[in-house]
Amino acid sequence: MRPGRPLVRFLCAGAAVTALATPLLAVPAQAATTPGQIPDVLPAPGPGVTRIQIGAFNDLHGRLEAPDETDDGAPVGGAAQLAGVFDAMRAKNPDTLVVSVGDNVGASTFTSFIQQDAPTVKALNAMGVAVSAAGNHEFDQGYADLTDRLGVNGRPGADGAAPLAAFPYLAANVLRADGSHALPAFATTEVGGVRVGFVGVVTQQTASLVAPDGIQGLQFTDPVAAANSVAAQLSDGNPANDEADVVVLLAHEGSSGTDCATVGTEGAFGRIVQGADPQFDAILSGHTHLRYDCEFPVAGRAVPRPVLSAESYSTAVDDLVLDVDTATGDVVAAGHQVLDVVGFAPNAAVQQIVDDAVAFADVRGREPVGSVTADITRAFSGDDDDRGTQSPLGNLIADAQLQQTEGAGAQIAFENPGGIRDDLLFAASGGEGDGVVTYAEAAAVQPFANSVVTLTLTGAQVRRVLEEQWQPAGSSRPFLALGVSQGFFFTYDDAAPAGQHVKSVTLDGAEIDPAAQYRVTVNSFLASGGDNFTTLAEGTDRTELGRTDLEAFTAYLGLPQNQGLAPDTEPRYAVAAAPAPTVPAPAPTTTAPAAVVPTTPPAAVAPTARPSTRPTSTAVAAAPSGGGPLAYTGAQTAPWLAAGAALVLAGGLLVTAAGRRRRV
């Protein structure tokens, strides 16, 4: 056993080392467990063995309230019950650590969002989170917000104010322009006399998932090389490097499927599983909101390496049990399971934080902002939202932003599908009545609160923006369908070569002039080149509305002429008709190609009736908090809301629906 060190020390990594390739075999996930219980995954340890336990979650996204329920009405997840699972783990084994694999905040429900996710971080502190990987959504409001307000080191930020997080955020593969680490690369702590080192990495695609102007000067590097350099540092025998007996990788990157045979081989996460240094005793992952429970043999290791992911939104947790030889510090046995967060007693302190946040949000959220006559929705493929198909709701938001920026000369507006996280449903979510849209419901649709920007592009640049819907190779999605404002229309050929998909572009029926200038409105995420729409970052003569996209949307919904809005199901793009073949004639003639005729695209965009996933609008009486006042009071928050400057600045992946629906 290596000498003990101060609890939770975090330092930056040294030089990279070469990853070791290893043949992989997969072990499938275990069967579902009994609600409210933590089954044994290993027999009792023998003499000379210390058993430690690690409970982990990922992609919470501010889900303070239970996001789902069982068929008999039992809550699934929620911050208080999540804390209750960890209470049960600690009761079973006091040598338990609780960790997060990132995306604790951002793309949150209204209850957390309305206070800039402060209640969520307060709940994580109360449930005893020791460390967290940084997820891409931790950068939604920019790097400075992460370091100075959320707090990456569990100690005061740059301005001397106490940070929200009492735990460190880790990301070994995030570097400044000079190559230094922008966040702590690892953290070490001791439990049961065992030194445990946690190494964090974030998806390398983060730069395309958050607003670029918030991460200027940062590099998101190869997570495998970054993680392996730290693993080598923690096991090189040099006490100055803060040695660890057990090393766990917290990777905010995940598999695109749940089959263990592909978890370890495919995509960016497969490269992590295959390339992670043998010093890593386990890999805990997230980002893709999936559930898998696998293990893989690693050359030179007697014990297969567990690889786990606990779905999302607090609906599941990883339970990792490691038996460690007391004399050598080696892991001699590993047991693991992914548990449903169902049937556990809620933690009272965390429940009080949730209740206070619900009461605060309910007052603001009940305010009506407009009305609809039918559901106005995103596009869907089965039960999942389809960001590759234009939607009535995306087009409506574009219409709203165009109308709100007419004073800046706006002619066209675009909306990215990843910025839309819920639907406007006709059925009442509380006591407001059918058809009434409340502030909470509108905020669930647009939770990021970007600013609204109007800029100038040439017609050629507008066409390039449309081409950028076909995303670069290796992107999370091959195509992102922009919502477009009324009067704008384009035709396309999906099979055409890159850069040649768009065949015609019209504004109010007239083909746009490549050399002419057009005023285009987008949110600030797109305006800075987010979601790989890099041409928008070239826009000139920028004017900000002075309102967030949420405020622009609610202002539009509140206009007298917009009461009783109905969905516009007519697509604002179409597949271009192929040119008609030339038919030989007796006399030589020239046959002109057939005109482009708009046709209905193959994917339907008509709205469908779906159950609401919005937060409840039922009033909850606030009780005195045993943990002190919330970090943000109503008086503190109101000026930010009025200024449109205090809500969350956007990221790209994310996800608002209940965990069982697994929207990525």
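This is a stop-by-stop tour of a predicted model.

**The whole chain**

Start with everything shown. The chain carries 15 helices and 29 strands. It has 664 residues, and 58% of them count as buried. Now think about contacts between residues at least 6 apart in sequence: 78% of these join residues at least 24 apart.

**The largest nonpolar core**

Select Phe57, Met127 and Phe139. They belong to the largest nonpolar core, a set of 47 residues, and touch the most other members. Next, colour the elements that give two or more residues to this core: helices H1 (79–92), H3 (118–126), H4 (143–151) and H9 (348–365), plus strand S10 (218–220). Which element gives the most? H1 does, with 7 residues.

Zoom in on Phe139. Beyond its neighbours within four places in sequence, Phe139 has contacts that include Ala134, Leu146, Val174 and Leu183. Also among its contacts are Ile215, Leu218 and Phe220.

A second core sits apart from this one. To find it, select Phe414, Leu466, Phe488 and Phe490, which are among its 29 residues. As a general point, nonpolar side chains in soluble globular proteins tend to be buried together.

**H3 against H9**

Go back to H3 and H9. Their axes come within 9 Å and cross at roughly 170°. An angle over 145 degrees counts as roughly antiparallel, so that is how H3 and H9 lie to each other. Show side chains here. From H3, pick Pro119, Lys122, Ala123 and Ala126; they meet Val350, Ile353 and Ala357 of H9. This contact has 6 nonpolar residues, 1 charged residue and no polar ones.

**The six-stranded sheet**

Move to the open sheet of 6 strands. Read across it in the order S8-S9-S11-S12-S14-S13; the pairing is mixed. Which strands form the edges? They are S8 (186–191) and S13 (291–296), each pairing on one side only. Look along the sheet: neighbouring strands are turned by 20° against each other on average, direction ignored.

Now pick S12 (282–285) and S14 (305–310). These two run parallel and are joined by 3 bridges.

H6 (223–234) lies across S8, S9 (194–202) and S11 (246–252). Against S9, H6 runs at about 165°.

**Two residues with positive phi**

Most residues other than glycine have a negative phi. Two loop residues here do otherwise. Select Asp242, in the loop between H6 and S11. Its phi is positive, about 60°, although Asp242 is not a glycine. Is Asp242 buried or exposed? Asp242 is buried, with a relative accessible area of 0%.

Then select Ser314, in the loop between S14 and S15 (316–325). Phi of Ser314 is near 75°, again a positive value. Ser314 is buried too, at 2% relative accessible area.

**Last stop: H10 against H14**

Select H10 (392–404) and H14 (549–557). They pack at an angle of about 90°, with axes 9 Å apart. That makes H10 roughly perpendicular to H14. In H10, the contact residues include Leu393, Leu396, Ile397 and Ala400. Across from them, H14 brings Asp549, Ala552, Phe553, Ala555 and Tyr556. By class, the contact divides into 8 nonpolar, 3 polar and 2 charged residues.

How values were computed. Residues are numbered from 1 along each chain as its sequence is written. This is a predicted model: local features need pLDDT of at least 70, side-chain atom pairs count only at pLDDT 80 or more; totals for chains, interfaces and linings use all residues. Side-chain values use heavy atoms; hydrogens and water are left out. A nonpolar core is a set of buried Ala, Val, Leu, Ile, Met, Phe, Trp, Tyr and Cys residues joined through side-chain atoms within 4.5 Å. Buried means under 20% relative accessible area, exposed over 50%, partly exposed in between (1.4 Å probe, protein chains only). Helices (H or I, at least four residues) and strands (E, at least two) are DSSP runs, numbered from the N terminus. Contact means heavy atoms within 4.5 Å. Two strands pair if DSSP finds at least two bridges between them. Axes are lines fitted to C-alpha atoms, for helices over the stretch in contact, and angles run from 0 to 180 degrees between N-to-C directions. Angles under 35 degrees count as roughly parallel, over 145 as roughly antiparallel, 65 to 115 as roughly perpendicular and the rest as oblique. Ala, Val, Leu, Ile, Met, Phe, Trp, Tyr, Cys and Pro count as nonpolar, Asp, Glu, Lys and Arg as charged, and the others, Gly among them, as polar.
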